[in-house]
Amino acid sequence: MRKLLLSILSLFAFALVANAAEVTFDPTSTNCTWQNTTNTSGIEQSETIDGVTLYCDHGNKGTSDYRFYKGSNAKISVVGGKITSVVFTCTANGTTKQGPGCFTNSGEGNYTFETAGKTGTWTGSASEVVLNATSNQVRATKIVVTYVSDGSISSPTFSVAAGTYYEAQTVEITNPNGSGKVYYTTNGDDPTAESTEYTAPIEITATTTLKAVVVDGDKSSEITSATYTIETPVEVANIAEYLTKDDNAVVKFTNPVTAFYQNGIYLYVKDETGEALIYGSVGQTYENGDVIPAGFFGTKKYYNGIYELDAAVSDGSFKASTEKVTPIVAAEKKLADITAANVHQYVFLKGVTYDATNKKFTDADGGELAVYNRFNGITLPVAGEYDVYGIVSVFQKTTDDPQTIQLYPTEFVSKKTVASVAEFKALGVGGIAKITCPLTVTAVYKTTNNKVNYYVQDEDGDGIVIFGAIADLPEYEKTDIIPAGFTGTYAEYNGLPEITDCEGLAEATETGTIVTTATTIEEIGTDAICSVVELSGAEILDIDGSNFNIKDETRTVPAYNKFNLERIEAYTGLKIVGIVDVRNGAVQILPIEIDYSNGTAEEAEISDENDIVITTGEGSIIVEGGDEIQVVTPDGRATTVKGSGDTPDRRRRRIIETENGIYIVVVDGEVVEKVYVE
């Protein structure tokens with residue numbers, strides 16, 4: 001069972017051996033060697049203090065924290081000893097972004113963290129500790145490493161940290177040494193070799209102080225000690241009874257409830273007596289209509305005018321739903337009818353006007369309601385008329401302040417419809433509308449973080465990108481026709497127009513023809529972003545990896561091989577079909593088709609008359625001993641290849657490959673070896 005704490009980990013006391021040492025890594029120290037940079041992409045970092053090394057393969061440092069980026073590995077190692085604990089103090093709580101719960105243990109030992117606190121603790125006995133920032137980045141303001149020198153006996157470790165719990169706990173004791181036996185007591189006495197030998201997990205059903213020691217021959221470790229306080233929560237039969245209990249009481253629900261909305265650490269539930277907010281990480285994901293089994297518990301708290309059940313002490317009491325009922329339907333309300341009595345209710349507002357400047361709704365009857373964007377993934381739209389779903393809440397900073405009734409929107413449904421991409425763009429950023437025209441897919445680009453860009457166009461050739469998570473969108477291919485009738489929000493990303501938060505996208509059942517809107521580079525402007533152009537007699541030049549230039553009779557424009565076309569070569573007389581893109585404020589082309597059938601390869605101008613150039617085909621080079629040769633492509637770029645040793649019989653075969661073949665320039669006018677295929 002996953003163990004969650006009520007008290008802070010400072011209550012978790014475990015002793016170290018007499019020759020134990022402690023090192024503290026402080027990012028604010030003037031001696032800190034981690035690089036302080038604004039490069040958010042992260043770089044390899046390392047810092048060593050007294051033989052202990054803190055390393056990250058993809059990290060950074062802020063002004064007051066170490067940053068372990070998502071997916072990175074944090075390694076703490078010691079020379080000539082064993083690490084017995086590593087304590088991280090983070091900038092956020094639990095499993096939230098930057099919190100200790102974003103780490104998972106990738107090596108030896110045991111890692112635990114506070115779900116409602118900022119501390120994460122590794123315990124064990126290892127020369128290297130490896131943690132992975134699995135779910136999100138971790139930011140630590142302090143890292144304390146405790147270790148012992150080789151030859152000493154490490155203290156035993158407990159699987160459950162000391163603290164207050166509301167259910168019985170099962171504690172496993174681990175001997176981190178390769179030999180010796182563990183002895184323990186539960187009566188407060190210090191354990192010795194005469195105490196009970198540990199052979200199986202210990203059940204803690206009442207408040208207990210557990211102590212343990214490792215004995216190996218005539219040597220003993222220091223004693224590990226932890227006190228577990230077991231308290232009984234107040235049982236309640238429904239939400240109405242829960243609301244009658246004292247503030248800060250820990251209550252246990254003996255009845256099931258139905259979830260109707262969950263967003264991160266906000267979980268809204270309902271039973272026959274009312275609605276409630278459960279706040280914090282519950283370790284489960286619920287959908288509308290999921291029945292949460294009885295037996296969960298939390299602390300009743302009052303915060304800014306509302307009651308919430310704080311899940312910090314829930315200790316795994318929230319179980320996965322095994323029953324589903326009819327989803328909760330939002331109750332239709334008039335603005336004037338919404339009061340504090342509706343707090344936590346799921347409501348539907350029909351045809352209200354949203355004032356984006358003052359963040360409020362109004363309706364035809366003169367009603368008003370404040371709007372607060374509480375939930376992740378919800379974007380407040382531009383001003384306009386909408387059908388709105390949301391959850392009623394109250395804001396009251398102190399009991400002396402007036403209450404503000406407000407709505408946390410969960411969904412905006414625009415009353416607008418648009419019949420073209422141009423009309424959709426005219427909504428402005430944040431605008432929502434139903435798109436009543438079909439769109440044809442012109443290209444597909446999938447990112448490394450499981451997102452997808454579908455480049456699409458309407459019948460006029462006006463283009464835009466549909467952006468979203470791959471898992472949330474149908475799978476389309478180039479020339480697929482996306483049926484009309486879906487809803488989306490207008491957004492812009494680095495100058496690129498996008499349709500986001502799409503609802504109602506249907507599978508494609510037909511394919512269409514891609515429409516081109518320009519035939520020369522001169523005709524392309526920033527108003528043509530995402531449209532498709534077709535250039536004839538064009539030239540590819542200045543190839544540099546995926547970047548190159550395209551030239552026609554009017555001018556030259558940058559290009560980028562975003563869609564991974566297999567062949568990008570220096571040719572003239574080409575037909576190029578591409579999507580107009582914007583990069584750093586300038587127009588570029590993303591080719592989707594290149595026709596080389598009527599083109600001509602560009603010959604390089606090589607200055608040395610002894611240079612030999614192979615302009616097409618495939619081949620290889622053998623470089624003798626320590627010889628060097630120069631390899632040049634037709635566009636004039638060169639690289640040097642060196643042999644692997646000083647003797648002729650130590651040869652290295654090197655394949656020199658570019659997009660369109662092998663190019664060889666000889667050493668001192670002599671070809672070492674070449675193989676050329678037409």
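Residues are numbered from 1 along each chain as its sequence is written. Because the model is predicted, local features need pLDDT of at least 70 and side-chain atom pairs count only at pLDDT 80 or more, while totals for chains, interfaces and linings use all residues, and side-chain values use heavy atoms, with hydrogens and water left out.

**View 1. The chain as a whole.** The chain holds two helices and 56 strands. Helices (H or I, at least four residues) and strands (E, at least two) are DSSP runs, numbered from the N terminus. Of the 678 residues, 48% are buried; buried means under 20% relative accessible area, exposed means over 50%, and partly exposed lies in between (1.4 Å probe, protein chains only). Among contacts with a separation of 6 or more, 63% join residues 24 or more positions apart, where contact means heavy atoms within 4.5 Å. The chain exposes about 31,700 Å², and carbon and sulfur atoms supply 44% of this area. Accessible areas come from the Shrake-Rupley method with a 1.4 Å probe; for residues, only the protein chains shown count as cover.

View 2. Two strands pair if DSSP finds at least two bridges between them. Strand 37 is parallel to strand 38 (residues 432-435), and two bridges link them. Val-418 has Ile-435 in strand 38 as its bridge partner.

**View 3. Thr-500 and its contacts.** Thr-500 lies in strand 44 (residues 496-503). Thr-500 counts as buried because its relative accessibility is 12%. Apart from neighbours within four places in sequence, Thr-500 is in contact with Phe-467, Gly-488, Thr-489 and Ala-491. In a regular strand the side chains alternate between the two faces of the sheet.

View 4. Strand 46 (residues 532-544) runs antiparallel to strand 50, with five bridges between them. Strands 50 and 51 form a hairpin with two residues between them, and Asn-584 in the turn has a positive phi of about 55 degrees.

View 5. Leu-243, Tyr-302 and Tyr-307 make a nonpolar surface patch of about 250 Å². Patches are made of residues with over 30% relative accessible area and no salt bridge; like charges are joined within 9 Å, and nonpolar side chains (Val, Leu, Ile, Met, Phe, Trp, Tyr) within 5 Å. A salt bridge is a side-chain nitrogen of Lys or Arg within 4 Å of a carboxyl oxygen of Asp or Glu. Leu-243 sits in the loop between helix 1 (239-242) and strand 23 (250-253). Leu-243 counts as partly exposed because its relative accessibility is 39%.
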